[in-house]
Amino acid sequence: MTVTHSRWARSTTPVEWCAPPPDANPACRAIRLRDVPLETGVLPEVVVTFQTWGRLAPDASNAVLVEHALTGDSHVVGEAGPGQPTAGWWPGLIGPGEPLDTRALFVVAINVLGGCRGTTGPGSVAPDGRVWGSRFPHTTIRDQVLVEAAVADALGIDAWLLVLGGSMGGMRAAEWVAGHPDRTDAALVIASTARAAADQIAWGQAQTLAITSDPAYAGGDYYGTGTTPATGLGLARRIAHATYRSAAEFDDRFGADPQPGEDPLVGGRFAVESYLDHQAGKLVARFDAGAYVQLTRAMATHDITRGRGTLAEVLGAYPGLLRVAAVDSDRLFPVRLSEEMVAAYGQGTVRLMRSGHGHDGFLVETDQVRALVREAVTDVWQLRSRRLGVG
């Protein structure tokens, strides 16, 4: 089956439906794109996997896009199982009676370009039959959203009712507003930013260097060698996780206590070190180091103003509804970055989430997220009704 759409067909060949990779979540659907234009070149082939919930309205007016974060995937809700190593990361968000009510909405979540959960990334096989590895080109948040636009085209969705996401997912939501303002009626950007800040770039560099300095990384060509840069990826996760949580939480949970049964004076670990070791081990077991490098570098180059003007010019021109939420204890994406977006948009205020968990509050504080999403859905329906002169 082939799908053509004016917005996508202008820049590439038609979209083809295809089978998802054999190790993907069996709930995924997939499309194949040819000659995908990137900011830095062209990818000859991209397979994109995604999950959906609910039913698309005949006029495609009820579609919502949920964007996952760096190590997330399209499995927003649901249990772990074959082809899906983790349970849903935003439980209680999608389903009958939930904030994204599938009795009225059609919800889509797409595995990101450059990742490792079914969509083409550095661990995927290239058209020449070899794994991409170090040959995989640098991709950006804009490239990720361009691929998502192709999914919308394949599904017959001209415009999303709402695009929402946190962290790297919030970056993509902001890029939809900036790069495709006519294709989303509303956006909810949570614990994120309009452009990467120096502090975030610096922490990202430490993480990528931890991976690329691991001898097992082999310049990015470790695929098929029987070894992986697990040590480097584990170090990267430790660095990242320390930025995801708040200093107050670490002090309250761990203080300077030793791990039970261990003595730091004779080589044992502190409790907080054991915690970071545990987080590192979990990620190494389910995520690809090459994808981690790829996505971290994409986040570093995120800037919705690049080549478009000032932030006020970009966001001030958006005709839809933009909601921005921040976590009050977030030290990775501090509240000021959300305030900058709202000021540039020129309407409303930052929705402030209260949490002691730092940046990860956008994943932990599910009740607050549910309230934000429910409010955004209600408000965008009302906005659309007013524009149509209904009610």
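This is a predicted model: local features need pLDDT of at least 70, side-chain atom pairs count only at pLDDT 80 or more; totals for chains, interfaces and linings use all residues.

Reader: How many nonpolar, polar and charged residues does the contact of H4 with H5 have?

Author: The classes put Ala, Val, Leu, Ile, Met, Phe, Trp, Tyr, Cys and Pro as nonpolar, Asp, Glu, Lys and Arg as charged, and the others, Gly among them, as polar. On that division, the contact of H4 with H5 has no charged residues, three polar and nine nonpolar.

Reader: How is H4 oriented relative to H5, parallel or antiparallel?

Author: Two packed helices are described by the angle between their axes and the distance between the axes. Here the axes are lines fitted to C-alpha atoms, for helices over the stretch in contact, and angles run from 0 to 180 degrees between N-to-C directions. Helix H4 (residues 198–212) packs on H5 at about 165°, with the axes 7 Å apart. Since angles under 35 degrees count as roughly parallel, over 145 as roughly antiparallel, 65 to 115 as roughly perpendicular and the rest as oblique, H4 is roughly antiparallel to H5.

Reader: What is the orientation of H5 relative to H7?

Author: Helix H5 (residues 230–244) packs against helix H7 (residues 271–286) with their axes 8 Å apart and an angle of about 125° between them. That angle makes the orientation of H5 to H7 oblique.

Reader: How do the residues of the contact of H5 with H7 divide by class?

Author: H5 contributes Ala230, Leu233, Gly234, Arg237, Arg238, His241 and Ala242, while H7 contributes Tyr275, Leu276, Asp277, Gln279, Ala280, Leu283, Val284 and Arg286. The residues of this contact of H5 with H7 divide into three polar, four charged and eight nonpolar.

Reader: Is Gly133 buried or exposed?

Author: Gly133 sits in the loop between strand S6 (106–110) and helix H2 (141–155), and apart from residues up to four places away in sequence it touches Pro122, Gly220, Asp221 and Tyr223. Gly133 and Tyr222 are 89 residues apart in sequence, yet their C-alpha atoms are 7.5 Å apart in space. Buried means under 20% relative accessible area, exposed over 50% and partly exposed in between (1.4 Å probe, protein chains only), so at 7% relative accessibility Gly133 counts as buried.

Reader: What does Glu39 count as by its relative accessibility?

Author: Glu39 lies in the loop between S3 and S4, and, leaving aside its neighbours within four places in sequence, it is in contact with Thr140, Arg142, Asp143 and Arg306. From Glu39 to His138 the separation is 99 residues in sequence and 8.7 Å in space, C-alpha to C-alpha. The relative accessibility of Glu39 is 38%, so Glu39 counts as partly exposed.

Reader: What is the relative accessible area of Ala191, a residue with a positive phi?

Author: Ala191 has phi near 50°, a positive value in a residue other than glycine, and lies in the loop between strand S8 (186–190) and H4. Ala191 is buried, and its relative accessible area is 1%.

Reader: Which residues is Asn25 in contact with, leaving aside its neighbours within four places in sequence?

Author: Asn25 is placed in the loop between strand S2 (15–18) and strand S3 (29–37), where it is buried at a relative accessible area of 7%. Beyond those sequence neighbours, Asn25 is in contact with Gln51, His75, Pro82, Gly83 and Gln84.

Reader: What is the radius of gyration of the chain?

Author: The chain has twelve helices and ten strands. Taken over C-alpha atoms, with the globule rule being 2.2 Å times the number of residues to the power 0.38, the rule gives 21 Å for 391 residues, and the chain is close to that, so it is as compact as a globular protein of that length, with a radius of gyration of 21 Å.

Definitions and conventions. Residues are numbered from 1 along each chain as its sequence is written. Side-chain values use heavy atoms; hydrogens and water are left out. Helices (H or I, at least four residues) and strands (E, at least two) are DSSP runs, numbered from the N terminus. Contact means heavy atoms within 4.5 Å.
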